[in-house]
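Below are a few notes for someone opening this model for the first time. Please keep the structure in view while reading.

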Amino acid sequence: MTEPTAARKFSGTEVLTIFLSVSSAAVVVLVLLGYGVALSAEASFGIPHAVIFNSTTDLLTLGGWAVIQMVLILDKLSEWSFYVRIWGATWPATKIALGMMAALVALSGIAFAARYLLRRWTWLHRTVEQLRGSTRGKVVAVASYLVLVLATPLFVMPLAMLAALIGTVFLVSVLSMVPIAGLQVGKAYIDEWVVGPEICTPLTSRDLRLQAQPPVENGRPKMKVSTCVTVKKSSGTEYRGRVVFATFNSVVLYTPEAGLVRRVSTEDASIEVIDKL
């Protein structure tokens, strides 16, 4: 009797290769998500998204924040409006993918119909076979071959460029789904937790923090609040506002009364949480 085949064991190099591949893909996804989050600030307030981040690390920070926000909004999966917003945001990329799939289906249908007609219409099938077997058919075949060889440089390169362009558009359409997700998450957060709240987060003493806080007050959900900070520079300049997004060396602040939005560098500065602007 033959011995059972032993389970394949992965070598250390293979495991390391798989780990590096997965890590690289995760980094790309987080960077694209972070870029979408930066775009949401521009879409909501008009501040250029390029000034929000200075490096890939900032994009990774925003991307990690987007992942956490996605986990927190899982309860909205039961709401139809959530899918409507996602569909509307992804429609530009979706219609390109649908157009390409429709073209492939149409070409496949034409090829299938041609084969079906050749089998169905016996007279057409006989004509094709006679043309193939006749001397004239051989001459036509040779002439067609020569024309094909001579016309290849005129048609192959444009068709190759067209195929490359279609492939690039399809790849871009797929990759655009990730920053669009970050854009939607960022806009939802801004509307709900930056612009929507009427007050800043109250400062809570130690005694109040140790007390059990009920999830509701007087039968109603707690009022939503926004995180407000003051950034004090070493030069004495002070900036106040609601925190939109923050990275390692900067913070985007929103002042609801004046509608001002600014990016403030946190280098050589102290940040203090405040309960009112």
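1. Helices (H or I, at least four residues) and strands (E, at least two) are DSSP runs numbered from the N terminus. Angles run from 0 to 180 degrees between N-to-C directions, and axes are lines fitted to C-alpha atoms, for helices over the stretch in contact.

2. This is a predicted model, in which local features need pLDDT of at least 70 and side-chain atom pairs count only at pLDDT 80 or more, while totals for chains, interfaces and linings use all residues. Residues are numbered from 1 along each chain as its sequence is written, and side-chain values use heavy atoms, with hydrogens and water left out.

3. Strands pair if DSSP finds at least two bridges between them.

4. Strand 5 (residues 228-233) and strand 6 (residues 238-246) run antiparallel and are joined by 5 bridges. Valine 229 has glycine 241 in strand 6 as its bridge partner.

5. How close do the axes of helix 1 and helix 6 come? The axes of helix 1 (residues 12-45) and helix 6 (residues 177-195) come within 6 Å and cross at roughly 45 degrees. Helix 1 passes helix 6 in a right-handed crossing (the near helix is turned clockwise from the far one by less than a right angle).
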